[in-house]
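This report describes the chain fold, the interface and selected backbone features of the structure shown below.

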Amino acid sequence: MTTPLELVCPAGTPAGLRTAVDAGAHSVYCGFRDETNARNFPGLNFDRAEMREAAAYAHAHGAKIAIALNTFMRAGSTDLWKRGVDDAVAAGADALILADVGLVDYARKAHPKQRLHLSVQAAAATPEAIAFYRDRFGIARVVLPRVLTVEEVSRLTAHAAPCETEVFVFGGLCVMAEGRCMLSSYATGKSPNMTGVCSPPSHVTYREDRDALVACVGGFTIERFERGEPAGYPTLCKGRFVADGTMSHLFEDPVSLNAVTLLPRLAEIGVTAFKIEGRQRGRAYISTVVRAFRKVIDAMAAGKKIDLDELRGLTEGQRDTVGAYKKTWR
Amino acid sequence: MTKRLSLTLGSVLFNWPVKQWVDFYARIADEAPVDRVCLGEVVCSKRKPFVDDVTLEVVDRLERGGKEVVYATLALPTGKREIRDIGDMIQAGYQIEANDIATVHLLNGKAHSVGPFINIYNEDTLALHLKLGATRICLPPELPLESIRALAKGNEAVEVFAFGRPPLALSARCYSARSKGTAKDACQFVCEADRDGMNVETLDGVPFLAVNGTQTLGFVVTAAVRQVEALREAGVVSLRLSPQTCDMVRVASIFRDLADGSTTPEEAGESLSVLHLPGPLSDGFLRGVPGCTVAEVD
C-alpha cells in the first residue's frame, strides 16, 4: 500500500477541532454556522473568522481541513450556499464536502482547482453514480454510504479510481439511504436535506410515564426507556414502533458503528480514508476515539499487530456493530 | 385561456400480485383520464421478474389507450445486474424515468424524465438536469409550494407529487422481511400482504408511517387539492398521482375535473375522502409544515 491511510475526524467547534488535531487526526471536517451543513445544531459549527483560524491551526499541525456544505440549496436562496463555497475556499479548505450536484457544479466552475469530495449525503453507491460525479465534475473522493458490505466497498473502490473512497468506521449509523430520507421532515418539518437537522432537539420532548422515560419526536412517541435503561437520543429511524401487532426497533436497533476490526481489510482493498462520525460529540469523546484509531492506523502502517480491545468500550454504553460491512440481514 | 395541466400516473410502488397489476393498468388504459403512465419496479429488484414478464403486454394496452408510457427505473440500484437491466431498458429505446443518479449517468444526455427520487431542490440543480436531457422532472415530495414556485417558472418541465402516500425513505434493508423476522434474501415476498404498505404505529398506537419492503412512506395520503390552481400559476405542467389500492380511475377523474376547473377543491377533497384510502388526506409538505399534517376540512 503506497498511499498513506487518512483518519478523518469530526470537529463540531473550534475547540473540538483543536482536540481532534492534537489527538492525531490526519484531517478534520467541519461546517459553517448555518443550514449549509448537515449538522446545523445550535452551539455547533464555525463562523467565518473561526473557520480561517481553524484552517490555520490544522495546517500548522500538519493536518488537513475539509469543509462540509452538504445540504441541498434552497430554491431562491442558492447564494447562501455559493457564498459558503467561496468562503470555504478563501479560508484555506483542503477539500469541500458537497452533496447537491448544483453546488458541485458551481464549486467546480468558480474554483477549478479546488479539491472536491462527494458527501455521503449524495449516497453514491454504484460505480455509475460515482462515475457521474468523477467524470463530469472531477470529484476527487467519494464518501461511501453506510449500507454497503466490505465486498461492495471493494468493488466500488476499484471502479472509482482515480477517485478515492472514504468510509465511516465509527459513530452513528444511518440505515436509510443518506440524503434521501424525509422521515424527519415528515414528523417535524425539519429535514437533513433542507435544514441540516434530523429529529432536531427542538422537536424532542420527554415525559415520565410510571417508571419509564418516554421520548417523542414531533409529538410521535417513539421510545420508552425503563428506569435504569440507558436513554439514547431519540432519532426517528432508531425508535420503537408497532407493526403488525408487534413492537420492535423496526428500522434499526439503537447501535453504534465500530468497524475497527475491519480496518486492515478496508485498507487492503484500497480505501483511502476512515471517517469518524460525530461533530455533535464532546471533546473528551473525540480525543479518546481519535487517539485510539490513530494508534491502530499507525500500527497497521508499521506492520504491527493491532490491539482491538482498547476500542471496545468507546461507544458510550451503546452496543456496537460492524454494521452493514458484514451484512447479516441480506 | 389557462394552460392545461397534464396528469401522470406514477409507478405502482407496492408489491401487487401480477394479475392485479395487469388488471389495474388495463382499467387505467381504458378509463383513466391520465396523459402519461409510468410503470416498472421502482422499489425492489426482487419483485421485477414478475412484472417484467407482462410489461410488454401492459405497455401495448396503455399505448392503445392513448397513454404516453414511461419506464421507471429502480430508485436504489446497487447490484451489477440491476444496473445492467437499466442499461438494457435504455438500449431497448423505452422512454425512461430515472430515479437514481446512476441511471442519469447511463442515459448520457439522452432525453428522459426524472422521478421523485432524485434530489432536485433548487433552480441550479434543476437547470443542470435539464441540460443533462431531462424533459420532465417530478420534484421530491418534501418541497413546499414556495420552492416549487422558484423551480417551475419558464421551463415547462416540472411535475408535482399530488396524490398517494408520500415516499419518505429508501434503504438497502427490507423492513417487511425484518418485521416478520426473516432475512431479505429469504423474504418470501411478505410485502405482498400489504398492498398499500404495512402500517406502522407509534408506541401510543398513533398511525405514523407505512413500510413497503425497503421503502418507507407516510401514513397519510398526499392530496394537493387546494394547491392545484397555485401550482398551475407557478408553471407546473403536470400532477403525479401515485397508485394506491383505492379507485385510481376515480382519483384521476377528480384531479382532471379539478385541473379543468369543473370542480372545487372542497368538492374534490370530499370526493377523495369517501374513497377507500389507507390514511387521511394531507398537504403538509406543500404548505411547508410537517408532512404528516392532516389537511383541514371545511
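In chain A, the loop between helix H6 (150-160) and strand E7 (164-171) contains A:Pro162. The model is a predicted one, and in it the peptide bond from A:Ala161 to A:Pro162 is cis, with omega near 5 degrees. Most peptide bonds are trans, and most residues other than glycine have a negative phi.

| Residue | Phi |
|---|---|
| A:Ala123 | about 45 degrees |
| B:Asn108 | near 50 degrees |

A:Ala123 belongs to the loop between strand E5 (116-118) and H5 of chain A. A:Ala123 is buried, because 27 other C-beta atoms lie within 10 Å, and the threshold for that class is 20 or more. B:Asn108, for its part, sits in the loop that links helix H4 (101-107) to strand E5 (112-114) of chain B. B:Asn108 counts as exposed because it has 10 C-beta neighbours inside 10 Å, where the exposed class requires 12 or fewer.

**Chain A as a whole**

Chain A contains 10 helices and 15 strands. Its radius of gyration is 19 Å, close to the 20 Å given by the globule rule for 330 residues, so chain A is as compact as a globular protein of that length. The C-alpha trace of chain A spans about 60 × 55 × 40 Å along its principal axes. Buried residues make up 54% of the 330 residues of chain A. Of the contacts in chain A between residues at least 6 apart in sequence, 63% join residues at least 24 apart.

**The nonpolar core**

The largest nonpolar core comprises 211 residues, and those with the most contacts inside it are A:Val28, A:Ile67, A:Leu96, B:Leu241 and B:Phe255. At least three residues of this core come from each of domain 1 (6-175 + 255-326) and domain 2 (183-248) of chain A. Beyond its neighbours within four places in sequence, A:Ile67 contacts A:Cys30, A:Gly31, A:Met51, A:Ala88, A:Ala93, A:Leu96 and A:Ile97.

**The interface between chains A and B**

In the interface, 51 residues of chain A are in contact with 49 residues of chain B. On the side of chain A that touches chain B, at least two residues are supplied by each of helix H4 (101-110), helix H5 (127-137), helix H7 (183-188), helix H8 (192-195), strand E10 (220-226) and strand E11 (241-243). H7(A) provides the largest share of that side, with 5 residues. By class, the side of chain A that touches chain B consists of 29 nonpolar, 13 polar and 9 charged residues.

Strand pairing also crosses between the chains: E11(A) is joined by 2 bridges to strand E9 (residues 198-201) of chain B, and the two run antiparallel. Within this arrangement, A:Val242 stands opposite B:Glu201 in E9(B).

Not counting residues up to four places away in sequence, B:Asp124 touches A:Met73, A:Thr78, A:Gly102, A:Asp105 and A:Tyr106. Is B:Asp124 buried or exposed? B:Asp124 counts as buried because it has 20 C-beta neighbours inside 10 Å.

Terms used:
Residues are numbered from 1 along each chain as its sequence is written. Chains are lettered from A and ligands numbered from 1 in the order in which they are written. This is a predicted model: local features need pLDDT of at least 70, side-chain atom pairs count only at pLDDT 80 or more; totals for chains, interfaces and linings use all residues. Two residues are in contact if their C-beta atoms, placed from the backbone, lie within 7 Å. Helices (H or I, at least four residues) and strands (E, at least two) are DSSP runs, numbered from the N terminus. Ala, Val, Leu, Ile, Met, Phe, Trp, Tyr, Cys and Pro count as nonpolar, Asp, Glu, Lys and Arg as charged, and the others, Gly among them, as polar. Two strands pair if DSSP finds at least two bridges between them. A nonpolar core is a set of buried Ala, Val, Leu, Ile, Met, Phe, Trp, Tyr and Cys residues joined through C-beta atoms within 7 Å. Domain bounds come from an automatic or database domain assignment. The radius of gyration is taken over C-alpha atoms; the globule rule is 2.2 Å times the number of residues to the power 0.38.
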